[in-house]
Amino acid sequence: MGAIPDKHIVLSFDTESDIGSWTQDYTSIDRTLPLLLDLLDRRQVRASFLWEGKAALHRPDRLLETARRGHDCGCHSYQHETLGEPSYFIPGDRSVLPEEIDNRLRRNTDIVRQVTGLVPVSFRAPRLWGSPAMLRCLDDLGYLVDSTCEIRSDEGEWFPYHPDPEDADRPGTLRILEFPVAGLTPGM
């Protein structure tokens with residue numbers, strides 16, 4: 001019998017308003033994030049925290065504390081907007097135009113960089129709704145990892161791959177690494 005390969009778990013947290021796009025309430029960042037950071041410290045675990053720009057502006061002290069504790073501080077859009085094609089209907093949700101994506105991602109990136117002094121390298125789109133325009137922009141901005149694609153159990157295991165500039169679901173030539181995430185879809 002062969003050796004069992006090492007297993008790794010990658011923890012990431014979307015750091016955003018409490019109900020995504022519909023509130024500007026940040027109780028989870030104000031009250032719960034410090035508890036989570038303490039728990040991770042006690043267990044000597046590091047994670048990625050993907051910051052919505054407005055959440056970072058709301059509590060730059062929490063963003064800076066997260067970075068000082070050694071966690072990856074990436075981005076999660078400017079204000080939890082949809083950066084691709086919706087997978088299902090959500091009342092009141094509207095996708096930004098493809099030509100608006102670059103500005104919003106640059107703004108989110110700049111906020112995280114200005115607060116932490118570090119260039120963010122990881123990203124996840126809200127609701128896992130990305131687009132080729134988003135991926136190309138992230139690639140141009142120098143991001144190393146995007147975790148917007150969802151692992152789909154009906155399609156077997158997905159491993160990290162460099163996506164195609166026109167189709168995030170296919171391997172291709174972009175430098176950014178697509179790191180599929182175990183997400184939840186309606187009905188699961």
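**Briefing: a loop residue, a helix pair and aromatic pairs**

L174 is found in the loop between β7 (167-171) and β8 (177-178). Helices (H or I, at least four residues) and strands (E, at least two) are DSSP runs, numbered from the N terminus. This is a predicted model, in which local features need pLDDT of at least 70, side-chain atom pairs count only at pLDDT 80 or more, and totals for chains, interfaces and linings use all residues. Residues are numbered from 1 along each chain as its sequence is written, and side-chain values use heavy atoms, with hydrogens and water left out.

**L174 and its surroundings**

- L174 counts as buried because its relative accessibility is 9%; buried means under 20% relative accessible area, exposed over 50%, and partly exposed in between (1.4 Å probe, protein chains only).
- Leaving aside residues up to four places away in sequence, L174 touches L135, R136, D139, H162, P163, D164 and P165, where contact means heavy atoms within 4.5 Å.
- The C-alpha atoms of L174 and P163 are separated by 5.7 Å, although these residues are 11 residues apart along the chain.

**Strands β6 and β7**

- Strand β6 (residues 163-164) pairs with β7 in the antiparallel sense over 2 bridges; two strands pair if DSSP finds at least two bridges between them.
- A hairpin through 2 residues joins β6 to β7, and P163 stands opposite P171 in β7.

**Helices α1 and α3**

- Helix α1 (residues 27-42) packs with helix α3 (residues 60-68) at an angle of about 10°, their axes being 11 Å apart; axes are lines fitted to C-alpha atoms, for helices over the stretch in contact, and angles run from 0 to 180 degrees between N-to-C directions.
- Helix α1 is therefore roughly parallel to α3 (angles under 35 degrees count as roughly parallel, over 145 as roughly antiparallel, 65 to 115 as roughly perpendicular and the rest as oblique).
- I29, D30, L33, P34 and L37 of α1 make the contact with R62, E65 and T66 of α3.

**Aromatic pairs**

- The count comes to 3 aromatic pairs, where rings of Phe, Tyr and Trp (its six-membered ring) pair if their centres lie within 6.5 Å, and planes under 30 degrees apart count as stacked, over 60 as edge-to-face and the rest as tilted.
- F13 and F49 form a stacked pair, 5.1 Å centre to centre with 25° between the planes.
- F13 lies in strand β1 (residues 12-15) and F49 in strand β2 (residues 48-51), so this pair ties together parts that are 36 residues apart in sequence.
- F13 counts as partly exposed at 26% relative accessibility, whereas F49 counts as buried at 0%.
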